[in-house]
Amino acid sequence: MNRRAFFKFAGAIPGAGAMGQVGNAPRLEAKVVRLNLVHTWTTTMSASQYRDTLHVAYARDGITGRGEGAPIARYHEDAESARKAVESVRELLLSADPMRFAKIMAEVFRRVPGEWAGKASIDIALMDWVGQRLGVPLYGYFGLDPRDTPLTTFSIGIDTPEITRQKTREAAEYPILKVKVGLSTDEATIEAVRSETKKPLRVDANEGWKDKEEAVRKINWLETQGVEFIEQPMPAEMIEETRWVRARVHMPIIADEACQRASDIPKLKDAFDGVNIKLDKSGGVLEAYRMIQAAKALGMRTMLGCMVSSSVSITAAAHLSPLVDYADLDGNLLIANDPFRGVRVEKGKLILPDKPGLGLTAG
Ligand code: MG
């Protein structure tokens, strides 16, 4: 759906804004939105020129809460399955009191198997609605100081050395880069980035190294290249092997694919130094908050990451970012047709909107 069509859809919801308060009945719309990428996005898992995400608008009492989930193929989800998941709890969402959002989300988690992006789209829309109803920005609801947001990295997907150099130049304003590796071209990729910049790098292997000796070798080489940490060097299930690797390298190792929800975190201690938390994996803001607290309680570092998505999902995650050590919240910066504006990035620093809820405005 293009931007114009999206607003037509949003405006058609009674209570969704100036377009018309037709009645006071709560309304829920769930639509798949196609986000066009600035560059073809390649990781070890996929290559694509667009991403379809699920957008939810929950309108009640003249307030519209907006949510979004970016389905992850790894968890057997797509935008259509996410949409169906939201539709399956439509009656619950329309009949329940949104101020009891934690109870609602517990029930959604109980009823809907999988479909984490679909759950996230509901959770985010409810949190946006509640923040607007209470008149507080989402960070304020959690008692956070917006000045405490970390720098976000800007991601460089896997590409030819020539394009990698071009992307590195285009990312000049970002003080830290996150570079995707995990294919046979790892050294060439890092060397291409390093030929353009001396800034700190973080590297994500997306489970790309299947052999623990190879992982140790590559991580120790990355250490000589000014890399701050390595994300998910080995397949998610290879926790024992990752523990073996961690004992042989200095660089912090961050879990991404190995860590979906709070209950995954205890078994990762000693194999990883920290966890990458994403709303699309956790099923929304509430579970992401629990994950941050669980990781901190275990003495692990925390990171907020994202999938390619619009400012709806990225802004929701950014509101929790004052809590974490690292942010990789650039999914909205990689798309050409963001239907909303929310969090901004200035010289890498996340700047949160101070309006109630997510604080979104039309893109
Ligand atoms: Mg990752």
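**A cavity, a metal site and some rings**

Let's start inside. The largest cavity is lined by V181, D186, E187, W209, K218, W221 and L222. One caution before I go on: this is a predicted model.

How much space lies in this largest cavity? About 30 Å³. The search counts one cavity of 30 Å³ or more. Now the lining. Four of its residues are nonpolar, three are charged and none is polar. Two helices, α8 (186–194) and α9 (212–223), each supply at least two lining residues. Which element gives the most? That is α9, with three residues.

Next, the metal. The ion is magnesium, and its donors are D204 (OD), E231 (OE) and D256 (OD). They coordinate it at 2.0 to 2.2 Å. Along the chain, the donors follow the spacing D-x26-E-x24-D. Look at D204 and D256. D204 belongs to strand β6 (residues 201–204). D256 sits in the loop between β8 (253–255) and β9 (274–277). These two are 52 residues apart, so the pair links distant parts of the chain. Are they buried or exposed? Both D204 and D256 are buried.

Now the aromatic rings. A pair is described by the distance of the ring centres and the angle of the planes. How many aromatic pairs turn up in the whole structure? Seven. Take F101 and Y141. Their ring centres are 5.8 Å apart and their planes stand at 70°. Planes over 60 degrees apart count as edge-to-face, so this pair is edge-to-face.

Where do these two rings sit? F101 is in helix α4 (residues 101–111), and Y141 is in helix α6 (residues 138–141). The pair therefore ties together parts that are 40 residues apart in sequence. F101 has 8% relative accessibility, so it counts as buried. Y141 is partly exposed, with a relative accessible area of 34%.

A second pair is F109 with W116. Here the centres are 5.9 Å apart and the planes are at 65°, so this pair is edge-to-face too. W116 is buried, at 13% relative accessible area.

Back to F101 and Y141 for a moment. Together with F142 and Y289, they form one aromatic cluster.

Last stop: a lysine. Which rings does K119 lie over? K119 lies over the face of F109, at 5.0 Å from the ring centre. K119 also lies over the face of W116, at 3.9 Å from that ring centre. Those are the two rings of the second pair, F109 and W116.

How values were computed: Residues are numbered from 1 along each chain as its sequence is written. This is a predicted model: local features need pLDDT of at least 70, side-chain atom pairs count only at pLDDT 80 or more; totals for chains, interfaces and linings use all residues. Side-chain values use heavy atoms; hydrogens and water are left out. Rings of Phe, Tyr and Trp (its six-membered ring) pair if their centres lie within 6.5 Å; planes under 30 degrees apart count as stacked, over 60 as edge-to-face and the rest as tilted. Helices (H or I, at least four residues) and strands (E, at least two) are DSSP runs, numbered from the N terminus. Buried means under 20% relative accessible area, exposed over 50%, partly exposed in between (1.4 Å probe, protein chains only). A charge sits over a ring if NZ of Lys or CZ of Arg is within 6 Å of the ring centre and within 35 degrees of the ring normal. Donors are N, O and S atoms within 2.8 Å of the metal (3.2 Å for Na, K and Ca); water is not among the atoms, so sites may look incomplete. On a 1 Å grid over the protein atoms alone, a cavity is a set of points where a 1.4 Å probe fits but cannot get out, and a pocket is an open set with protein on both sides within 12 Å along at least five of seven lines; lining residues have an atom within 4 Å of a point. Grid points are joined across faces, edges and corners, and a volume is the space filled by probe spheres set on the points. Ala, Val, Leu, Ile, Met, Phe, Trp, Tyr, Cys and Pro count as nonpolar, Asp, Glu, Lys and Arg as charged, and the others, Gly among them, as polar.
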